[in-house]
Each structure stands twice: as structure tokens, then as C-alpha cells.
Amino acid sequence: LGILKFWVGPVPVAVLLRARHVKILLESNTNITKPWQYDIVSDWIGRGLLTSTSKKWHSRRKIITPTFHFSILKGYRDVFIAQGRIFIDQLEAVADSDRETDLFPFIKRCVLDIICETAMGTQLNAQTGENVEYCDAVATISAISFEYIRMPWLWLKPIWYASGKGFIFDQLVKLSQGFTLKVIQERRKLMEEEGLLGEFVGMDDEKVICRHKSVFIDMLLLQQAANNFTDEDIREEVDTFMFEGHDTTASAMGFTIWYLGQYPEYQKLVHAEIDEVFGDDVTRDPTENDIKRLSYLERCIKEGLRLMPSVPLLARTLSEDLHIEGVTLPKNLTVMLAPVLGHRDPEHWERAEDFWPDHFLPDKEAARHPFAYVPFSAGPRNCVGQKFAIAEEKTVLSWFFRRYSVESVEPFPGNRPIPELILKPSCGFPVRLFKR
């Protein structure tokens, strides 16, 4: 049938593996509640779009969706370009050295700079060694959160704090939240000086669209009065954006490079497409049209997300009974979806275990079950920032492959993926870089 059951400590969990079953759950407008295991993440990001439910979630989703409108994404693109250029310049020193280089730290710092600037309008400058304390705090919070979820004994508060993890977690959460609240106050002051705050300004208002760049936090501040948002409400959504858009995108870009580093025939096709778009110019900024033309690179990104989905597991707590082909999953049961397994179902994938970008040719995509591929979830709780993520990855990777070719040091099946909150490589992304 494709439904499994297992236990996490005393908690029963059902797992749906078939695309047709995944569709039933993800299309539901009532079974949208995240399980209590997400509560540890909520201690950091609050009850924002990722972890809220019912009326609060519906309200937040309605407010936040326009902040990813294509016209606002254009403003974010300038940040992708600038930080992508810094990223490839950082790699200059290790290229052609014939020594192994772990790309993961470079990618994570690049993505963190992008997310911080687009979410908060603040230049973190992680790529050039600044704000290390905040960068480390975000990474450590994520790691401790996953330990909490998979170790039931840590659910007991005395053990949680006796282990020392609880105190470290609380300290770093306070640091992170304080940073965000400070930025909110600074952005409000700046927008007041620019005359943008006062009466409500809509998302399609020319004053917003024509600003020198769009920032997520600004979009929320513009709507604060109309929606009775507190600063804490805004902090929840900004920190949610930071959490959801940081490690996820870094892993996606890293696995794409890692796979292309073991398939030179596909990497040559990426280089050929990039050369067709940019010629031999390795310095000019990519335009919106340039990025649209990189269809093969996008297929490679999608194939990397198929085999190594950044979010390997999704979960819901059922608000009502769920009926699937004669099986009733009862209300309050935790139900999990496993894209990392479902994306390898041979019923829907011609070469299920291989990295093969042609899985995403338009005719193959059209013929496939729409819920066989859910790296950004699907249905009403799908990822609101998926277009942002793909645009970011294409932009940064277009810089990377314009400048370099890459050879993976530990190809698959080595460097096993580790299914933490975000799927990560066990050994980083060790490669050899060569200037083109």
C-alpha cells in the first residue's frame, strides 16, 4: 500500500510514500497543523508562517504571499548578483591549486549574506568574516533543534537543561532574536525618514516597486498598521524566512555542484549553455533574461533537489481522520512524508537512482504525477519562497560555472547525506576547482 508505521520514543508516526497518498494529505485545507516536534523551532522563530496553523496561518499566508510577487523578486535579484560575485571571488585563491576544498562553508556564508540582506536589508558580510557570532548562532540553533527532535530523552526539561543544550539554545535564541528586533527598529526609522510609513501602502504601489531594492522586512513594516502587527509578529516572519531560506538553499546549491562534479558530460552541457548566454564575458552582471535562458542549469538544480531534497521529511498532525484507500489514519496522529524516498519511486522516475537532468524535460514533467516531486512541499502549505530560491540558485550558480569547472573528490555513494532538519552532506562538498 505504501504506508509505513514506526515509533519515535512513545510517539507513533505514519509515513506516506506514494505520490497519490501524498496528494491526499498535502491538498487538504484542514490537515495543515505541524506536529509538536516543531515546537523547539518555534522557540526560535515563533509561530510564523512555518509553524502556525488555523486562522493565524491563513491570515499570515495571505499577507506574506505578495511579498514574493515577481516585481519584488526583481529587487532581490540585485542582491543575488552582488553576493554571487563575492562568492566566486572568494574561491579564486583555491582554484587550480590541485588541493581539496570544501565548498560548503563558502556556499553557506554566501546564502546567509543573501538571506540577511533580502530579509532584513542588513549586510551581514559573513563572506568577508564579519558578524561571525550571529552566523555561528544560527548554525548551532539548527543543529541543537535537530538533536532535540530525534532524542526523546531531551524532551524532558530536566535532562534538556542538565545536558547543557537547553542553556546554550536559550542563549543563542536570545542573541538571534535580539539581532532581528534591532534591525526592525532600524528599518522602521529609515522608512519613516523616507516618508514610506504613515498611511497603508499596497504591494503594487509604485513607491514600493520603484525603490532601489525590495526588502522582506520593509514589506511587512508597510503592512504593520493595517494588520495590527507587533514587532514580535514581524520578527517571527523575518526569522522564519532566515531559517527556511538559509540552509535549504545552501544544501541545494552544494548538491547541484557536487553532482555536476561527478558527471562531466552534464557539466559540459551547463558550460555550453552558459557560454551561449554570456559568451566569454565572465564579469558582466547577469540580467533577468540571461537567468531565464539557463533552462539546462535549472534542470540540474531540480534533479539535485529530487535526489537530495533540502527538506527530506515533512510532517503533519492530523486535525481530522484521513482516509486513504481503505485505511483510516486517526485524528491527532503524526503523519510524515519523505520526499527523499518518494523522489526515487521507479513508478514515476525513469532512472530513479541516477542523476539525470532530462527527468525535467518539459514533456517528462507534464506526464508525471504532480505530487511525485515535492521539494517545496505542495498544496496550501507549499513553500511561498520557492521562486525566490530557484532564482537565487540559478543566479549564484551561473556565476560559479561561468568562472569554474569542478571535480568532486568523494562521489556518490560516498559522502552520504545526513537527514537533519535540512539534508546535509556527511563530509561537506569536497571538490577540486579549476578556472575555465
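This is a predicted model: local features need pLDDT of at least 70, side-chain atom pairs count only at pLDDT 80 or more; totals for chains, interfaces and linings use all residues.

Trainee: In which loop does asparagine 125 lie?

Mentor: Asparagine 125 lies in the loop that runs between helix 5 (104-120) and helix 6 (132-150). What makes the residue worth a look is its backbone: phi is positive there, about 60°, although asparagine 125 is not a glycine. Most residues other than glycine have a negative phi.

Now let us set another residue beside it. Aspartate 96 also has a positive phi of about 60°, and it is not a glycine. You will find aspartate 96 in the loop between helix 4 (70-90) and strand 3 (101-102). With a relative accessible area of 45%, aspartate 96 is partly exposed.

A further backbone feature sits at proline 413, which is joined to phenylalanine 412 by a cis peptide bond with omega about 10°. Most peptide bonds are trans. Proline 413 belongs to the loop between strand 8 (404-408) and strand 9 (417-419).

Finally, have a look at Cys383, where an unreviewed UniProt entry places the feature "binding site". Cysteine 383 is in the loop between helix 16 (362-367) and helix 17 (386-403), and its relative accessible area of 28% makes it partly exposed.

Conventions: Residues are numbered from 1 along each chain as its sequence is written. Side-chain values use heavy atoms; hydrogens and water are left out. UniProt positions are given in the numbering used here, feature names are shortened, and annotations may be inferred rather than shown by experiment. Helices (H or I, at least four residues) and strands (E, at least two) are DSSP runs, numbered from the N terminus. Buried means under 20% relative accessible area, exposed over 50%, partly exposed in between (1.4 Å probe, protein chains only).
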